[in-house]
Amino acid sequence: MKHNFRLTKEQREFVNSQKSENKKKRIIESLRSQYEFENSLEGTAYNLKILPCRQKLERTIVQTVHELPKRVKQFVYDNCEFLSISRFEGLCLDVNARYPWLIMLRDNASKSTIAHEIAHARLGHKTAEPCPPGDSEKNERAAWQLAGKWGFHKKIKQRIN
Ligand SMILES: [Zn+2]
């Protein structure tokens with residue numbers, strides 16, 4: 001997803017309220033670098049909560065979240081924690097842990113699977129069962145649809161048992 005730096009209305013007013021041109025420039029520069037960091041892979045990685053896991057999975061999670069729309073990204077930062085597990089392809093639990101959603105993924109989870117699990121969380125689907133078999137078909141379809149809207153598409157691989 002391509003992001004272009006633009007001052008918000010409030011930021012513009014703040015900059016305009018400064019008397020010194022130098023100070024205006026410095027404020028804009030620091031807002032720009034903050035913006036660029038937030039929209040970089042490093043910024044995404046910095047904001048995510050990923051419990052220790054293989055580097056490959058960590059990288060895939062960061063890349064996936066990096067490609068999400070801004071508002072969804074913030075939702076993930078505020079509500080989701082990621083964990084690597086070996087048994088299930090992807091599981092989305094509502095737990096009374098540090099964050100409302102614990103997203104469990106296999107080490108080889110694809111970007112579409114990760115986006116799919118995030119979509120379940122975003123839609124408020126609560127399941128303590130592995131997904132897909134425990135998922136209602138309706139929830140399953142809604143999650144794929146939402147992930148598709150974000151630009152992640154279901155792999156050809158059949159996910160229904
Ligand atoms: Zn699912």
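Visitor: As what does Lys154 count, with 15 C-beta neighbours inside 10 Å?
Guide: This is a predicted model, in which local features need pLDDT of at least 70 and side-chain atom pairs count only at pLDDT 80 or more, while totals for chains, interfaces and linings use all residues. Residues are numbered from 1 along each chain as its sequence is written. A residue is buried if 20 or more other C-beta atoms lie within 10 Å of its own, exposed if 12 or fewer, and partly exposed in between, with the C-beta atoms placed from the backbone. Because Lys154 has 15 C-beta neighbours inside 10 Å, it counts as partly exposed.

Visitor: Which residues does Lys154 touch, not counting residues up to four places away in sequence?
Guide: Lys154 is found in the segment after H7, where helices (H or I, at least four residues) and strands (E, at least two) are DSSP runs numbered from the N terminus. A touch, or contact, requires the C-beta atoms of two residues, placed from the backbone, to lie within 7 Å. Leaving out residues up to four places away in sequence, Lys154 touches Ser112 and Trp144.

Visitor: Seen down the axis of H7, within what arc do its buried residues fall?
Guide: The buried residues of H7 are Asn139, Ala143, Trp144 and Ala147. They line one face of the helix, because, in a view down the axis (with the arc taken over the directions from the helix axis to the C-beta atoms), they fall within 130°.

Visitor: Which residues are exposed on the other side of H7?
Guide: The buried residues of H7 pack against helix H6, residues 111-122. The other side of H7 carries the exposed residues Glu137, Lys138, Arg141, Gln145 and Lys149.

Visitor: How far apart are the end C-alpha atoms of helix H7?
Guide: The expected span of a helix is 1.5 Å times one less than its number of residues. For the 13 residues of H7, at positions 137-149, that rule gives 18 Å, which agrees with the separation of its end C-alpha atoms, 18 Å.

Visitor: At roughly what angle do the axes of H6 and H7 cross?
Guide: Ser112, Ala115, His116, Ala119, His120 and Arg122 in H6 meet Asn139, Ala143, Trp144, Leu146 and Ala147 in H7. The axes, which are lines fitted to C-alpha atoms over the stretch in contact, with angles running from 0 to 180 degrees between N-to-C directions, come within 8 Å and cross at roughly 115°.

Visitor: How many residues of H6 are buried?
Guide: The buried residues of H6 include Thr113, Ile114, Glu117, Ile118 and Ala121, and also Ser112, Ala115 and His116. H6 is followed by Gly124, with a positive phi near 75°. The helix is mostly covered, the buried residues being 11 of its 12.

Visitor: Which residues does Thr64 touch, not counting residues up to four places away in sequence?
Guide: Thr64 belongs to helix H4, residues 55-66, and counts as buried because it has 25 C-beta neighbours inside 10 Å. Once residues up to four places away in sequence are left out, Thr64 touches Lys111, Ile114 and Ala115.

Visitor: As what does Gln55 count, with 8 C-beta neighbours inside 10 Å?
Guide: Gln55 is found in helix H4, and its C-alpha is separated by 9.0 Å from that of Asp107, a residue 52 places away along the chain. Because Gln55 has 8 C-beta neighbours inside 10 Å, it counts as exposed.

Visitor: Of the 18 residues of H2, what is the number buried?
Guide: Helix H2, residues 21-38, reaches 26 Å from its first C-alpha to its last, close to the 26 Å expected at 1.5 Å a residue. H2 lies largely in the open, because the number of its 18 residues that are buried is zero.

Visitor: What percentage of the 161 residues in the protein do buried residues make up?
Guide: The protein has seven helices and three strands, which run α-α-α-α-α-β-β-β-α-α from the N terminus on. Of the contacts with a separation of 6 or more, 52% join residues 24 or more positions apart. Among the 161 residues in the protein, the buried ones make up 24%.
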